[in-house]
Amino acid sequence: MQAWQVHENGEPSEVMRPADVERPTPGDGQVLLRVRAANINFPDVLMCRGHYQVRPPLPFTPGVEICGETEDGRRVIANPALPHGGFAEYAVADAAALLPAPESLDDAEAAALHIGYQTGWFGLHRRARLEAGETLLVHAAAGGVGSAAVQLGKAAGATVIGVVGGAGKVAVARELGCDTVIDRHTEDVVAVVKEATGGRGADVIYDPVGGEAYTQSAKTVAFEGRIVVVGFASGTIPSPALNHALVKNYAILGLHWGLYNTKNPKLVQHCHEQLTDLAARGAVKPLISERTPLGGAAAAVQRVADGVTTGRVAVVPQIGAAV
């Protein structure tokens, strides 16, 4: 089969190499899946660089989120078991963790209704306890993780403020449903948030960026607000001033969604049922900005690394020739 492999760590476009390899052999409790679509996530970038908390043995195939087909024809969502990731014609996954692909979504959309939306659901509902009528601030609101949080926030009845980088992303964030959109390249994020909230600040802040975005979050969080720390796409891990959290009376909440797969897998299943229902009602719909053939995977992962994409970029092996 055709697959992309990483033999050394570095930038995706430099270290992802096409290869003709044997189909992976499922281990105990695993199944072989034909990849129908694989979405690119920032952890794919970090694994290529060797900066992710999970470091699969070299060589490995990236791709942590797929819509696949079982040997008996079922369409499922899965997180492939590394080192046999999703940027290939076939992958393997744990049978117990397979989720049914929603009928209301196509393959790329179904694959995307997983990590980003599960992270958003757990972050907003399980950790931050977002309530209808509250104000939600989402950093990187036009990206894969942020776009999911925007839709979930609107579905929950929140007023959503989106922070993006660039005029093109402003338009995307508005289409996603943001009530207010801030271009951090040309506007003062803190000033606009305070103006939009009458000086109160945001009740919940969803931050997959870190760095300067976290600094802005601490300045704009409301009394009894909650900052949900989801990741550090900026490459800078902030050091929160806990005395500031104390005097402003806000909470800093960490979220590592992957832990729920082992700590509370039934809650992951419950979340998927909630997301499937939202998708069926049209309340959420993953934004797939690009569908690329398997041969374009390395370049596409690099675009995600460079921060120039919106929503999700999907690798769809069926639409292209061999790598």
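This briefing covers the overall build of one protein chain, then a few of its parts.

The structure is a predicted model, in which local features need pLDDT of at least 70 and side-chain atom pairs count only at pLDDT 80 or more, while totals for chains, interfaces and linings use all residues. Residues are numbered from 1 along each chain as its sequence is written, and side-chain values use heavy atoms, with hydrogens and water left out. The chain holds 12 helices and 15 strands. Helices (H or I, at least four residues) and strands (E, at least two) are DSSP runs, numbered from the N terminus.

**Overall build**

- The radius of gyration is 19 Å, close to the 20 Å from the globule rule for 323 residues, so the chain is as compact as a globular protein of that length. This radius is taken over C-alpha atoms, and the rule is 2.2 Å times the number of residues to the power 0.38.
- Along the principal axes, the C-alpha atoms fill a box of roughly 60 × 40 × 35 Å.
- Of the 323 residues, 55% count as buried. Buried means under 20% relative accessible area, exposed means over 50%, and partly exposed lies in between (1.4 Å probe, protein chains only).
- Take the contacts (heavy atoms within 4.5 Å) between residues at least 6 apart in sequence: 67% of them join residues at least 24 apart.

**Charge**

- The chain has 27 positive and 33 negative side chains. Lys and Arg count as positive and Asp and Glu as negative; His and the chain ends are not counted.
- The centres of the two sets lie 5 Å apart. Each charge is placed at NZ of Lys, CZ of Arg, CG of Asp or CD of Glu.

- Strand 1 covers residues 2–6, and five of the five are buried, so the strand is largely enclosed by the rest of the structure.
- In a regular strand the side chains alternate between the two faces of the sheet.
- Here, Q2, W4 and V6 point one way, and A3 and Q5 point the other way.
- Strand 1 pairs with strand 2 (residues 16–20) in the antiparallel sense, over five bridges. Two strands pair if DSSP finds at least two bridges between them.
- Within strand 2, R17 is the bridge partner of Q5.

**Helix 12**

- Helix 12 spans residues 297–306 and is mostly covered, with seven of its 10 residues buried.
- Among the buried ones are A297, V301 and V304.
- The buried residues of helix 12 pack against several elements, including strand 1, helix 1 (12–15) and strand 2.
- G307 follows the helix and has a positive phi, near 75°.
- Q302 sits in helix 12. Its relative accessibility is 11%, so Q302 counts as buried.
- Neighbours within four places in sequence aside, Q302 is in contact with E11, P12 and S13.
- Q302 and L246 are 56 residues apart along the chain, and their C-alpha atoms are separated by 40 Å.

**A128 in a loop**

- A128 lies in the loop between helix 4 (115–127) and strand 8 (135–139).
- A128 is buried, at 2% relative accessible area.
- Not counting residues up to four places away in sequence, A128 touches G123, V204, R226, V228 and L253.
- A128 and N41 are 87 residues apart in sequence and 23 Å apart in space, C-alpha to C-alpha.
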